[in-house]
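Visitor: I have a model open and would like to learn how to read it. Could you take me through some features, one at a time?

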Amino acid sequence: MKNPNKKNVSAIISASWIFTSGPEDQLLSDYAVVIENDKIIDLVSQKKVFDEYEANNNYQLNNHILIPGLINAHTHSAMSLFKGFADDLPLQDWLNNHIWPAEKEFVNSSFVKDGSILALSEMIKSGVTTFNDMYFFPDATAEAAKELEVRGNIGLVVLDFPTNYATDPEDYLVKGFEFRDKWRNEELITTSIAPHAPYSVSDEAFSLINTYSEELGINIHTHLHETQWEIEDSIDKYGITPIQRLNNLGIIGPSLVAAHCVHLNDQDMAILAKNKVNIVHNPSSNMKLGSGIADVAKMLKQNLNVSLGTDSSASNNRLDIMEEMRLAALISKGSSMLPESIPAKEAIKMATINGAKALGLDSEIGSIEKNKKADLVAIDLSTIENQPLYDPLTTFVYSSSRSDVSYVWINGKIKLMDKKLINMDEERIIQLAKKWQRKLKKI
Ligand SMILES: [Zn+2]
């Protein structure tokens, strides 16, 4: 029987701790999040929640911390099929002699769909609810995101050279805008323009991209200052660093999402800070490719918005933002010799609200607040490795790992329950990956 004095809602999630990642950074004890359809409609103490609300789906998550869904702000989902394909190589050798030739032979729409399904299912299990992607055949990535119901900002990739997907910058853009028009009304899908990198995109193409970005009001997502080689190559060809070159072309601004920014001189850093560029820090990928270590503490001091990315599975080899969060904090402390650098709370914000700001989605996601989308993750802190538990925030950042992620909701829908994917056949996904492994092994 429904109680007429209570509001009937979709779900009530009660957790021992809730970190809002909102403007006040609240850590609430014994609170509940109330969900109606796709939205958070209230945040109430557990003592009071059932006086006001009743729900068909009640989750009582003792010894769990509930956080906003994690945001993977830089990835290439489909490349999950290249996980372990070419390891222990520097970026240029890895790209020129391994990844790009394999892409030429194998990458098509079905590769991208299957690779994205593999990547997104791994991301859900790791607490990622939003991904910012850049790859060929974006239609196939969007189809995977729609099928798995994951929030995706998908890049309209642009390169100077031909690939299986397109022939020249104009062709990439035409295909990209067709994709954008087709997916315009899909709730979980947004788009940005994604020129690959300064070394693979010409001045002419960047200028065109800048015009489209301004006209359409959409973000630009690119790789920037990833390696020392990239900077030396730019100085050889243009006499200036890539950041200075892109600044002259009008690309550097608040709508730019720049992955990496590992090597910055003072002038480059000043240009990024002045123009409020969004930076995506990818510590695992930067270390695995031997690219270097970004000075994130300095970026934060300059009030730059720094979020976290995994980059692709081919250079990581995990799509695990919890690991990037822990590494970001540890590497910054180690390299600056300042243990107070990137405290736990700051690391969580990098993995949540900062990613939402970078994607221009911070009015909808990135924190647990009334009227935001119900993208939520619950982490089980009851396990041996999380004891004793003095501080739920530092335990979450420094002790827990993705194997402790037990519940995930995206847009109000439950996607992971008791550590099991909902409505997804895990065995089928493993077999998809094995099918491509057999094909790629022949190279
Ligand atoms: Zn990348």
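Visitor: How are α12 and α13 placed to each other, oblique or roughly parallel?

Guide: First, keep in mind that this is a predicted model. For a pair of helices, look at the angle between their axes. Angles under 35 degrees count as roughly parallel, and over 145 as roughly antiparallel. Those from 65 to 115 are roughly perpendicular, and the rest are oblique. Here helix α12 (residues 321-336) and helix α13 (residues 344-351) have axes that cross at roughly 135° and come within 9 Å. α12 and α13 are therefore oblique to each other. Their crossing is right-handed.

Visitor: Which residues make the contact of α12 and α13?

Guide: From α12 come Ile321, Met325, Ala328 and Ala329. From α13 come Ala344, Ala347, Ile348, Met350 and Ala351.

Visitor: Now a second pair. At roughly what angle do the axes of α3 and α16 cross?

Guide: Helix α3 (residues 109-125) and helix α16 (residues 426-440) cross at roughly 135°, with axes that come within 10 Å. That makes α3 oblique to α16. Check the hand too: α3 passes α16 in a left-handed crossing.

Visitor: What residues make up that contact of α3 and α16?

Guide: α3 gives Phe111, Asp114, Ile117, Leu118 and Ser121. α16 gives Ile429, Leu432, Ala433 and Trp436. This contact of α3 with α16 divides into seven nonpolar residues, one polar and one charged.

Visitor: On to single residues. Does aspartate 311 count as buried or exposed?

Guide: Count the C-beta atoms around the residue. The cut-off for buried is 20 or more within 10 Å. Aspartate 311 has 27 C-beta neighbours inside 10 Å, so aspartate 311 counts as buried. Find this residue in the loop between β12 (305-308) and α12.

Visitor: What is aspartate 311 in contact with, beyond its neighbours within four places in sequence?

Guide: The partners are His74, Thr75, Asn282, Ser285 and Asn316. Take histidine 74. In sequence, aspartate 311 and histidine 74 are 237 residues apart. In space, their C-alpha atoms are 5.4 Å apart.

Visitor: And methionine 269: why does it count as partly exposed?

Guide: Use the count again. Partly exposed sits between the limits for exposed, 12 or fewer, and buried, 20 or more. Methionine 269 has 18 C-beta neighbours inside 10 Å, so methionine 269 counts as partly exposed. This residue is found in helix α9 (residues 266-274). Leaving out residues up to four places away in sequence, methionine 269 touches Leu264, Lys298 and Gln302. Serine 400 is 131 residues from methionine 269 in sequence and 33 Å from it in space, C-alpha to C-alpha.

Visitor: Which residues of helix α15 are buried?

Guide: Helix α15 (residues 392-399) has Pro392, Thr395, Phe396 and Val397 as its buried residues. Next, ask what they pack against. The buried residues of α15 meet α12 and α13, along with β1 (7-19), β2 (27-36), β4 (53-68) and β13 (376-380).

Visitor: Let me step back to the whole chain. How many helices and strands are there?

Guide: The protein chain has 16 helices and 16 strands. For overall form, compare the radius of gyration with a rule. A compact globule of 443 residues would have a value near 22 Å; the protein chain has 21 Å, which agrees. Buried residues make up 52% of the chain.

Methods. Residues are numbered from 1 along each chain as its sequence is written. This is a predicted model: local features need pLDDT of at least 70, side-chain atom pairs count only at pLDDT 80 or more; totals for chains, interfaces and linings use all residues. Axes are lines fitted to C-alpha atoms, for helices over the stretch in contact, and angles run from 0 to 180 degrees between N-to-C directions. Helices (H or I, at least four residues) and strands (E, at least two) are DSSP runs, numbered from the N terminus. A crossing is left-handed if the near helix is turned anticlockwise from the far one by less than a right angle, and right-handed if clockwise. Two residues are in contact if their C-beta atoms, placed from the backbone, lie within 7 Å. The radius of gyration is taken over C-alpha atoms; the globule rule is 2.2 Å times the number of residues to the power 0.38. Ala, Val, Leu, Ile, Met, Phe, Trp, Tyr, Cys and Pro count as nonpolar, Asp, Glu, Lys and Arg as charged, and the others, Gly among them, as polar.
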